[in-house]
Amino acid sequence: MFELLFYALPALLLAGFAYAAYLLVRRARRISRTWAHGLTAEARCLRMFTTTGGGGGDTSVHTTVHHVYEFTTRDGRTVRFEEENGPATVLEGDFVTVRYLPELPQRATARPPARGRLAAGTGCGLVLLGVAGAFCVGFMVLAHAMFTEPGGLLP
């Protein structure tokens, strides 16, 4: 029963890493599709704010810039959305160009197309998740070898 812990915990982590990879690829595909096939509209920045995280003990503080935009779709609907990590040079009241898919206007983006940057970020994230997944698999293989060794690697 004790050995089950050495298989179940890494398997749960591995499933979490696989799900995170799926979400990462899905997000990249959605943004890429919005840049390639999306419609453009002029949006107004309604609000700009920052959130902070970390800073406890010896950790550094991480600041995230948020923007709230509002635009009107071609069919006349008014859409408001929030986007993280936008440029700090966009202030309340500024007008920006947004891209949106007609079927998902609430998933619009004010980021200018940067396919190389998107591919690099997605690739780095997938590599990181792959290394973490390989570590989990290696841990399970090592645990299996230790528990099935006839001489007993464990005391």
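Q: A pocket is an open set of points on a 1 Å grid over the protein atoms alone, where a 1.4 Å probe fits, with protein on both sides within 12 Å along at least five of seven lines; a cavity is a set from which that probe cannot get out, and lining residues have an atom within 4 Å of a point. What is the volume of the largest pocket?
A: About 410 Å³. A volume here is the space filled by probe spheres set on the points, which are joined across faces, edges and corners. Fourteen residues line this pocket, and Arg27, Trp35, Asn85, Arg111 and Arg117 are the closest to its centre. H1 and H2 are the elements that give two or more residues to the lining. This is a predicted model, in which local features need pLDDT of at least 70 and side-chain atom pairs count only at pLDDT 80 or more, while totals for chains, interfaces and linings use all residues. Residues are numbered from 1 along each chain as its sequence is written, and side-chain values use heavy atoms, leaving out hydrogens and water.

Q: What makes up the lining of the largest pocket, by class?
A: It has seven nonpolar, four polar and three charged residues. Ala, Val, Leu, Ile, Met, Phe, Trp, Tyr, Cys and Pro count as nonpolar, Asp, Glu, Lys and Arg as charged, and the others, Gly among them, as polar.

Q: How do the classes divide in the lining of the second largest pocket?
A: Into three nonpolar, two polar and seven charged. Its lining includes Arg27, Arg30, Glu82, Glu83, Glu84, Arg107 and Arg111. The volume is about 240 Å³. H1, E3 and strand E5 (104-109) each supply at least two lining residues.

Q: What makes Asn85 stand out in its backbone?
A: Asn85 has a positive phi of about 60°, although it is not a glycine. Most residues other than glycine have a negative phi. Asn85 sits in the loop between E3 and E4.

Q: How does the reach of H2 compare with the expected value?
A: H2 (residues 115-148) has 34 residues and reaches 49 Å from first C-alpha to last, close to the expected 50 Å. Its buried residues include Leu118, Thr122, Gly125, Leu129 and Gly133. Helix H1 (2-37) is among what covers the buried residues of H2.

Q: Why is Thr34 called buried?
A: Buried means under 20% relative accessible area, exposed over 50%, and partly exposed in between (1.4 Å probe, protein chains only). Thr34 is at 2%, so it counts as buried. This residue of H1 is in contact (heavy atoms within 4.5 Å) with Arg99, Tyr100, Leu101 and Thr109, leaving aside neighbours within four places in sequence.

Q: Why is Ala28 given its burial class?
A: Its relative accessibility is 10%, so Ala28 counts as buried. It touches Leu118 and Thr122, not counting residues up to four places away in sequence. Ala28 and Ala119 are 91 residues apart in sequence, with C-alpha atoms 7.7 Å apart. The buried residues of H1 as a set pack against E4, E5 and H2.

Q: Why is Tyr7 called partly exposed?
A: Tyr7 is at 26% relative accessibility, so it counts as partly exposed. Tyr7 lies in H1. Leaving aside neighbours within four places in sequence, Tyr7 is in contact with Met140, Ala143, His144 and Phe147.

Q: Why is Thr97 placed in its accessibility class?
A: Its relative accessible area is 45%, so Thr97 is partly exposed. Thr97 is in strand E4. Its contacts, not counting residues up to four places away in sequence, are Thr40, Ala41, Thr109 and Ala110. Thr97 and Thr40 are 57 residues apart in sequence and 6.5 Å apart, C-alpha to C-alpha.

Q: What makes a set of residues a nonpolar core, and which members of the largest one touch the most others?
A: A core is a set of buried Ala, Val, Leu, Ile, Met, Phe, Trp, Tyr and Cys residues joined through side-chain atoms within 4.5 Å. Of the 13 residues in the largest core, Ala43, Tyr69, Phe71, Phe81, Val96 and Val98 touch the most other members. The elements giving two or more residues are strands E1 (39-54), E2 (61-72), E3 (78-84) and E4 (95-101). Phe71 touches residues including Ala43, Phe81, Val98 and Tyr100, not counting those up to four places away in sequence.

Conventions: Helices (H or I, at least four residues) and strands (E, at least two) are DSSP runs, numbered from the N terminus. The expected span of a helix is 1.5 Å times one less than its number of residues.
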